[in-house]
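This report is an introduction for someone who has not seen the structure before. Please look through the sequence and the 3D view first, then read on.

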Amino acid sequence: MSYEALSASTVLTARELSRFYAGSERSFRLLVPELNVDAGSVNIIIGRSGCGKSTLLDMLGMISRPDSAQSYRIRRNPCQWFDALRATPHEAEHLRRTQLGYILQTGGLLPFLSVEDNVALPRQLCGSPRDGIGKLMERLEIAGLSRQYPAQLSTGQRQRVAIARALAAGPRIVLADEPTGALDPESARIVRELLLETARERNVAVLIVTHDAELFRTAADRVYGFDIRVEGTCVTSTLRRESNTI
Amino acid sequence: MNLCLVLKLVWQQLRHEWLAAACLCIAMAAALVPVLMILGLKEGTVQTLRQRLAADPANLEIRMPISTHISSQEVESLRALPGVGFCIPATRILATSAHLVTDSGSEEVNLIPTGAGDPLLARHSLPVPRAGEIVLGSAIAEKLSPEVGGEIRLRRGRMEGGRAQYTEVPCRVVGILPDSSGVGAQVFVPLSLVIAVEEYAEGARQSLSAEGAQGLTPPAPVYHGMWLNKPGLKDSTPDYVWDRACPFSEQRPATEDEIRRGMASQEAILFFNSAQHKAVDKLRRAYQLAKQNRAEFRLWNPPVSATRQTSDKTETFTIHCIPEPLNLRAAAPALQIRCGNPADAGFHTLLLAGGKGSMRVEAVADTSLPPGEWTASASVLGVLHGICQRGLFWSEEAGGLTQPHRAFSRIRLYARGLDDVEPLVQHITARGYHAEGNIAGIRRVQELNAQLEILFTLLAVICVTGAAISLALNLFNGVLKRRRDYAILATLGFSRATLTCFPICESLLLTLLSIGLSFFLFHGMAHAISVLFAAEIETGENLCFLSPAHHALVLGCGIAIGLLAAVCAAVNVLRTQPSTAIREM
């Protein structure tokens, strides 16, 4: 099988990732033949529930490991790659802190921290000063909410805080799991704009897992979908690159 | 691992959920405060009983009710025993009686020797009397009404040569013991004065001197036997009359040597005790029996070996006895011995009986004696025997006799603490003395302590188990509730090790807060108990209290339980997969 050639701007590349789940009635296999993400690009992965979107995101975020893989690398700097498959837990944690930002469906904010503390936490974890988050919060229009707690925010506000937190430590890649899944169409549009604009301004690659293809497709550099194949009790879901156009 | 960040986050977490944290702390304190109260009451009660026992020096006293013979060295070795708080020798009980005389009257008292560290005086914060000072018992003070700082005269009488004599020494009153001390007709004086009183009573001293620095006078003569020149006297006298009259149990006829030396007649019988001597008063009846039967009565003493040091040699010789008649009213004999060699006449300091004593005597030449022969009257030999028996030595500096290795009849000994009493009694008994102490009273408190300990342990186990389960379950519940938070922290790059620190830090913080709250409530309750029972307890006593060691123990146990619960919770954190937890909504 031939693979796409990597460019100088590629920040994440994965080949032949595979993850298998054995259930009591059915088993599930996720296959990722190839996935390349360029710096500053917007990549969306579209699929219905249960096709393995979140599993793929967790593997890419090194929260779970693939059962088998040919390669999975993240660019550490212009001339050095980080081999995520051979990473020790300590290296993986360091990479998550410095290179990756994570946005969950409902924000994934810590309820006991204020908005400002939530946004500042990744920087504190990296040992960076807190004061770098002011502009980011202003850009995402949440500066006025800094002393509020997540429970006091609307879902849209929480997602903006989550975007700010994902970008706070200056990562190369942001992984977003259904970032607009819990929002009404208008709020979803605003969050999409803010996420994509802020990422583009900072040259951050964005990998969005969503079932709302229409919201992101027009802005996407690359679009991925899944081929679902059922053989007996085994469901195999294979990641496939699609055309950007509808 | 950024522990400061973890602590800060845990603190923010607890502050955010302050109500749940407060409920947990109160639940823990509710289990812990009864444990502390029971422990505090047990410690306080036992401690109060012990304090009350220890406050009364009578409970620390180790009594030696039977007069014995204790050398100065033995006193020092007893004083050096572990657990001895105070130890001072005392003289024979009969020799400690004296009279205190003031202008308003006189009272008989017993002298108690005292010194630095005397617990009887220390308990009542009274000064230790020095030379010329005295502390009075309450009963005496009541009768004589002296003032502290005022002067009182201590008088001691004796019979000397059949005549009553007394001597007085002025003493300044430096303290009066209260009624509660239980000290009645007793006064506390320095040991030197007690010794001086005994020496005066025994005739070894001309007067009392508070300093006790003057030399002793030679003791009264003692006699080991008597000659009677009527061989059938004993057989012709009824046994009960003889037994009452004669203090000696052995008898023998005169030896040829004694007859040759003119010490006894052919028919004379010597009644004697080889190991025991008698004072002249004890021979009065025997003398009267002899007089009634017209028998000749002569006092006898065995010869004494003496060593004298001349400028060029050391000479050892024997001083033989010249029997003499009994004179009940005779004054102390002049210490004169007779020598056959005129060149030996003069004053000599003689070392007696191989070093048992020494004395300065005057040797008078007696031409009737062969050269090299030394003799002395029975009374002079009696004085020399008395010197050897009491271990007296001639001192040129004191101008009299001194007693460097004095023996005592009794001892005042106090244990340092209640727990020292029984081991000390056993130790002293093992040394061959008869010793007693308030072991039963102390044991009662120790048994009460042991029984309360069992009760406390049972209750503590129940309460601590409850507290531990409460903490463990609450932490577990907390960890389950926060699984998603921990998963989010994992996505941010917190390591597994750091994440396990969260429940551990949370547990420690909650435990410390709970223990702090428990101590606060306990001290409040202990204070309330002190106020409520103020009428029942004395100053310095505490019915409910915990020592710093107990505080540390409770803190240590609490932290240990908290850590144990935290480790269980931390295991749960480690088992949780972040990928599943972050999507649990």
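## Helix packing in chain B

In chain B, B:L471, B:L475, B:G478 and B:V479 of helix α14(B) meet B:P503, B:E506, B:S507 and B:T511 of helix α16(B). By class, this contact of α14(B) with α16(B) has 4 nonpolar, 3 polar and 1 charged residues. The coordinates behind this and everything below are those of a predicted model.

Two packed helices are described by the angle between their axes and the distance between the axes. For α14(B), residues 439-481, and α16(B), residues 496-532, the axes come within 11 Å and cross at roughly 140 degrees. That angle makes α14(B) oblique to α16(B). The crossing in which α14(B) passes α16(B) is right-handed.

Helix α14(B) also has a contact with helix α2(B), residues 18-55: the axes of these two come within 9 Å and cross at roughly 170 degrees. Angles over 145 degrees count as roughly antiparallel, so α2(B) is roughly antiparallel to α14(B). By class, the contact of α2(B) with α14(B) has 23 nonpolar, 5 polar and 2 charged residues.

| Helix pair | Axes come within | Crossing angle |
|---|---|---|
| α14(B) and α16(B) | 11 Å | roughly 140 degrees |
| α2(B) and α14(B) | 9 Å | roughly 170 degrees |

## Chain B as a whole

Chain B contains 18 helices and 25 strands. Of its 585 residues, 39% are buried. Among the contacts in chain B with a separation of 6 or more, 78% are between residues 24 or more positions apart.

## Where the chains meet

How many residues of chain A are in contact with chain B? There are 22 of them, in contact with 19 residues of chain B. On the chain A side, the helices α1 (53-60), α2 (89-98) and α3 (115-126) each supply at least two residues. The largest share of that side, 5 residues, comes from α2(A). By class, the residues of chain A that touch chain B divide into 11 nonpolar, 7 polar and 4 charged.

One residue on the chain B side can be followed in detail. B:Q12 lies in helix α1 of chain B, residues 3-16. Leaving aside residues up to four places away in sequence, B:Q12 touches A:F112 and A:L113. Is B:Q12 buried, exposed or partly exposed? A buried residue has 20 or more other C-beta atoms within 10 Å of its own, and an exposed one has 12 or fewer. B:Q12 has 15 within 10 Å, so B:Q12 is partly exposed.

## The sheet in chain A

Chain A holds an open sheet of 10 strands with mixed pairing, in the order β5-β4-β1-β2-β10-β9-β3-β8-β7-β6. Its edge strands are β5(A), residues 80-83, and β6(A), residues 100-103, each of which pairs on one side only. From one strand to the next, the twist averages 20 degrees.

Which residue in β7(A) is the bridge partner of A:L100? The partner is A:I173. Helix α5(A), residues 155-168, packs on the sheet and touches β6 and β7 of chain A. The direction of α5(A) makes about 170 degrees with that of β6(A).

Definitions and conventions: Residues numbered from 1 in each chain as written. Chains lettered and ligands numbered in written order. Predicted model: local features only at pLDDT ≥ 70, side-chain atom pairs only at ≥ 80, totals over all residues. Axes fitted to C-alpha atoms, helices over the stretch in contact; angles between N-to-C directions. Helix = DSSP H or I, 4+ residues; strand = E, 2+ residues; numbered from the N terminus. Parallel < 35°, antiparallel > 145°, perpendicular 65-115°, else oblique. Left-handed = near helix turned anticlockwise from the far one by under 90°. Contact = placed C-beta atoms within 7 Å. Nonpolar A, V, L, I, M, F, W, Y, C, P; charged D, E, K, R; others polar. Pairing = 2+ DSSP bridges.
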